[in-house]
Amino acid sequence: MVNRTAGTRRAEILHAAADLFAARGFHGVSIDDLGRAVGTSGPALYRHFPGKEALLAAMLLDISERLAADGRERVASASGPREALDALLRGHIAFALGEPALITVHDRELDNVPHPDRRRVRRLQRGYVEEWVGVLALLRPATPPAVLRAAVHATFGLLNSTPHSAGELPEERMTELLLGMGTAALLAEA
């Protein structure tokens, strides 16, 4: 039998749950379904999460934390604002193409996350958006922050449409398409 660390097992459960929640919805998936998806019984999942809502919260907190940390790291390591913007776009595109189930789950299921955790997810997301706004402010200093923020949200809409659009093109081509479109959207003068 393969020996897994608790963190690896937890990650396996979160990944399987994201796929199931994206396909069938949070309420369409039982604890037993989740257990079967990872080769165990449903009740065994309670060793990792106190319940299905906690699992959903952990999933959305995890991706929000990862995106926020990755965004900060990309901006900090860039040699200037143009490179930072390119790095932010590439990071988000890699997420969108690599983990489309999480986009679907977030869009559909955030309201099922218990309130305190939902507030943490939103706070992390606001920080991530502001990382982008800060970079854009350096590239478009005359543009009001509210306009920059709206541009970032609109670009996220474009990039996060990948669960519906990514299958027809090879990943490399889709990456370049989204990078060009995202750059154009963020740098467009309005």
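Select helix H6 and colour its buried residues: Val121, Tyr128, Val129, Trp132, Val133, Val135 and Leu136. Buried here means under 20% relative accessible area, with exposed over 50% and partly exposed in between, using a 1.4 Å probe and protein chains only. The model is predicted, so local features need pLDDT of at least 70 and side-chain atom pairs count only at pLDDT 80 or more, while totals for chains, interfaces and linings use all residues. Residues are numbered from 1 along each chain as its sequence is written, and side-chain values use heavy atoms, leaving out hydrogens and water.

Now show the whole of H6, residues 115-139. It has 25 residues and reaches 36 Å from first to last C-alpha, close to the 36 Å expected at 1.5 Å a residue; the expected span is 1.5 Å times one less than the number of residues. Helices are DSSP runs of H or I with at least four residues, strands are E runs of at least two, and both are numbered from the N terminus.

Turn to the aromatic rings. Rings of Phe, Tyr and Trp (its six-membered ring) pair if their centres lie within 6.5 Å; planes under 30 degrees apart count as stacked, over 60 as edge-to-face and the rest as tilted. The count by this rule is four aromatic pairs. Select Tyr128 and Trp132: their ring centres are 6.0 Å apart and their planes at 80 degrees, so this pair is edge-to-face. The two residues are four apart in H6, about one helical turn. Tyr128 is buried at 7% relative accessible area, and Trp132 is buried at 0%.

Phe156 is buried, at 9%. Tyr128, Trp132 and Phe156 form one aromatic cluster.

Finally, select residues 7-67, which an unreviewed UniProt entry annotates as "domain: HTH tetR-type". UniProt positions are given in the numbering used here, feature names are shortened, and annotations may be inferred rather than shown by experiment. This stretch is 67% helix and 0% strand, and its end C-alpha atoms are 19 Å apart.
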